[in-house]
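Q: Could we go through this structure together, one topic at a time?

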Amino acid sequence: MRILVVEDDPAAARAIAEAISQARHNALAAASAEHARTLLNTEPIDLAIVDLGLPGADGFSLVKRLRHEGRNLPVLILTGRSGIDDRVNALDLGADDYLTKPFEPRELVARCRALLRRANGRSSNLLEIGALRIDLRSGRVRIDNRDIDISRNERIALETLCAKAGSVVEKNELATLLACDGEELSLHAVEACISRLRGKLGNSVSIRALRGIGYRLDESMS
Ligand code: CA
């Protein structure tokens, strides 16, 4: 999944991005609310982690604006402010969760996982489609109770396709999600990754290519 980190302190932004990428998510950084809005308008983003104290417009006004525009992506506030008024305000303006600094990376990641789960209409960390089971916490992938060995990129692509099963995931979106050190993957490399994934998944699920658009994962009919 792709997570936007809105944080003006470079050290905090690095620590958050590190925790996110260890959990196999892709982090995108913005140091101001304005930059965050630009990214939200141009990039596929599944969740935002927002600091309250930002240069220019603050985190409160960013959340308020997003909800006013009808954007329903999950928002987690991560701030040094622990006052009850700030907490209540942020949640009432439309934030979904509130965590104070200093934070425990494991807790931040678990909260992101819970928010992403809910946003995708699930209440557990287990994704099950036909004979395929993915544990989003451990990253373990099993088919008919047999462990499948897959690479980082294959896992990210599979988790994305499964989380959006039955819907098309654009090839460009996968290229962005699989970016390594900020370098977007080529469309050819995305195709190669999906092809390897198909080989490893066998008949457990079907990943259909929609010409010029992307891929759709469905429960296998066979
Ligand atoms: Ca700040």
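Predicted model: local features only at pLDDT ≥ 70, side-chain atom pairs only at ≥ 80, totals over all residues.

Q: How closely do the axes of helix 3 and helix 4 come, and at what angle do they cross?
A: The axes of helix 3 and helix 4 (residues 84-93) come within 9 Å and cross at roughly 20 degrees. Axes are lines fitted to C-alpha atoms, for helices over the stretch in contact, with angles running from 0 to 180 degrees between N-to-C directions. Helices here are DSSP runs of H or I with at least four residues, strands are runs of E with at least two, and both are numbered from the N terminus.

Q: Now the metal. Which are the protein donors of the calcium ion?
A: D8 (OD), D51 (OD) and G53 (O) are the protein donors, lying 2.2 to 2.3 Å from the calcium ion. Donors are N, O and S atoms within 2.8 Å of the metal (3.2 Å for Na, K and Ca), and sites may look incomplete, as water is not among the atoms.

Q: Where do D8 and D51 lie?
A: D8 is in the loop between strand 1 (2-6) and helix 1 (10-22), and D51 is in the loop between strand 3 (47-50) and helix 3 (59-68), so the pair ties together parts that are 43 residues apart in sequence.

Q: Is D51 buried or exposed?
A: D51 is buried, at 6% relative accessible area, whereas D8 is partly exposed at 34%. Buried means under 20% relative accessible area, exposed over 50%, and partly exposed in between (1.4 Å probe, protein chains only).

Q: What about D46: where is D46 found?
A: D46 is in the loop between helix 2 (33-42) and strand 3, and D46 counts as buried at 16% relative accessibility. Leaving aside neighbours within four places in sequence, D46 is in contact with M1, R2, L73, P74, L116 and K164.

Q: And A15?
A: A15 is in helix 1 and is partly exposed, at 35% relative accessibility.

Conventions: Residues numbered from 1 in each chain as written. Heavy atoms only, no water. Contact = heavy atoms within 4.5 Å.
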